[in-house]
Amino acid sequence: MGVASLVLGILALIASFVPCVGLIAIIPAGIGIILGIIDAISKSKKQESKGMPVTGIILGVISLIVAYVMTSVAASAVEEGVQQIKAEADKAVQQMEADMNKQLEEVKALENQQ
C-alpha cells in the first residue's frame with residue numbers, strides 16, 4: 001500500500017499543476033493519503049520502515065494544496081476576464097446610445113428645416 005500511496009501522490013502532484021485538471025487531482029491525492037495512513041499504521045505495529053507511505057501522505061497533502069491554489073488562481077482570472085468583458089460591453093452600449101441620440105437629433109433638425 002505504501003507504493004500505491006507514493007504513486008498516487010506523484011500522479012496527483014503532477015495533475016494538480018494543470019488548472020482544469022487540478023480538481024480531478026483531489027481524488028488520487030485523497031486515496032493516496034488514506035492508503036499511506038493505513039500502511040504507516042500497519043508498518044508501525046510491525047516496526048518496519050514507513051518511508052514510502054509517509055512520502056505518499058506528504059505528496060498527497062501537497063497535491064491538495066497545489067490543486068486548491070491553482071483552482072483559486074484560475075477562478076480569479078476567469079472572474080477578472082468576465083468583469084473586463086462586462087465593462088467593455090457596457091461602454092459599447094453607452095457609445096451606441098450616444099450615437100443613436102446624436103443621429104436622432106440630426107434627423108429632427110433636418111425635419112425642422114423642411
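**From a loop to the helices around it**

Modeller: Gln 47 lies in the loop between H2 and H3, and please keep in mind throughout that this is a predicted model. The phi angle of Gln 47 is near 60°, which is a positive value in a residue other than glycine. Gln 47 counts as exposed because its relative accessible area is 71%, and the cut-off for exposed is over 50%.

H2 (residues 26–45) and H3 (residues 51–113) pack at an angle of about 155°, with their axes 8 Å apart. Since an angle over 145 degrees counts as roughly antiparallel, H2 and H3 are therefore described as roughly antiparallel to each other. H2 passes H3 in a left-handed crossing. On the H2 side, the contact is made by Ile 26, Ala 29, Ile 33, Gly 36, Ile 37, Asp 39, Ala 40 and Lys 43, while H3 contributes Pro 53, Ile 57, Gly 60, Val 61, Ser 63, Leu 64 and Ala 67. Sorted by class, the residues in this contact of H2 with H3 are 10 nonpolar, 3 polar and 2 charged.

The other helix to bring in is H1, which covers residues 2–16. H1 and H2 pack at an angle of about 155°, and their axes are 8 Å apart, so H1 and H2 are roughly antiparallel to each other. The crossing in which H1 passes H2 is left-handed. Here Gly 2, Ala 4, Ser 5, Leu 8 and Ala 12 of H1 meet a set of H2 residues that includes Pro 28, Ala 29, Ile 31 and Gly 32. The classes in the contact of H1 with H2 are 7 nonpolar, 4 polar and 1 charged.

H1 also packs on H3, with axes that come within 8 Å and cross at roughly 20°. Because angles under 35 degrees count as roughly parallel, H1 is roughly parallel to H3. The crossing of H1 and H3 is left-handed. Among the H1 residues that meet H3 are Gly 9, Ala 12, Leu 13 and Ser 16, and among their partners in H3 are Gly 60, Ser 63, Val 66 and Met 70. The contact of H1 with H3 divides into 13 nonpolar, 8 polar and no charged residues.

Ser 63, whose place is in helix H3, counts as buried because its relative accessibility is 1%, and buried means under 20%. If we set aside residues up to four places away in sequence, Ser 63 touches Gly 9, Ala 12, Leu 13, Ser 16 and Ala 29. The side chain of Ser 63 also reaches the backbone oxygen of Leu 59 at 2.7 Å.

Ser 16, which lies in helix H1, is likewise buried because its relative accessibility is 0%. Leaving aside neighbours within four places in sequence, Ser 16 is in contact with Gly 22, Ala 25, Ser 63, Val 66, Ala 67 and Met 70. Distance along the chain and distance in space can also be set side by side for this residue: Ser 16 and Ser 44 are 28 residues apart in sequence, and their C-alpha atoms are 30 Å apart in space.

Note on methods:
Residues numbered from 1 in each chain as written. Predicted model: local features only at pLDDT ≥ 70, side-chain atom pairs only at ≥ 80, totals over all residues. Heavy atoms only, no water. Helix = DSSP H or I, 4+ residues; strand = E, 2+ residues; numbered from the N terminus. Buried < 20%, exposed > 50% of the residue type's maximum accessible area, 1.4 Å probe, protein only. Polar contact = N/O pair within 3.5 Å; in protein donor to acceptor, adjacent residues only side chain to side chain. Contact = heavy atoms within 4.5 Å. Axes fitted to C-alpha atoms, helices over the stretch in contact; angles between N-to-C directions. Parallel < 35°, antiparallel > 145°, perpendicular 65-115°, else oblique. Left-handed = near helix turned anticlockwise from the far one by under 90°. Nonpolar A, V, L, I, M, F, W, Y, C, P; charged D, E, K, R; others polar.
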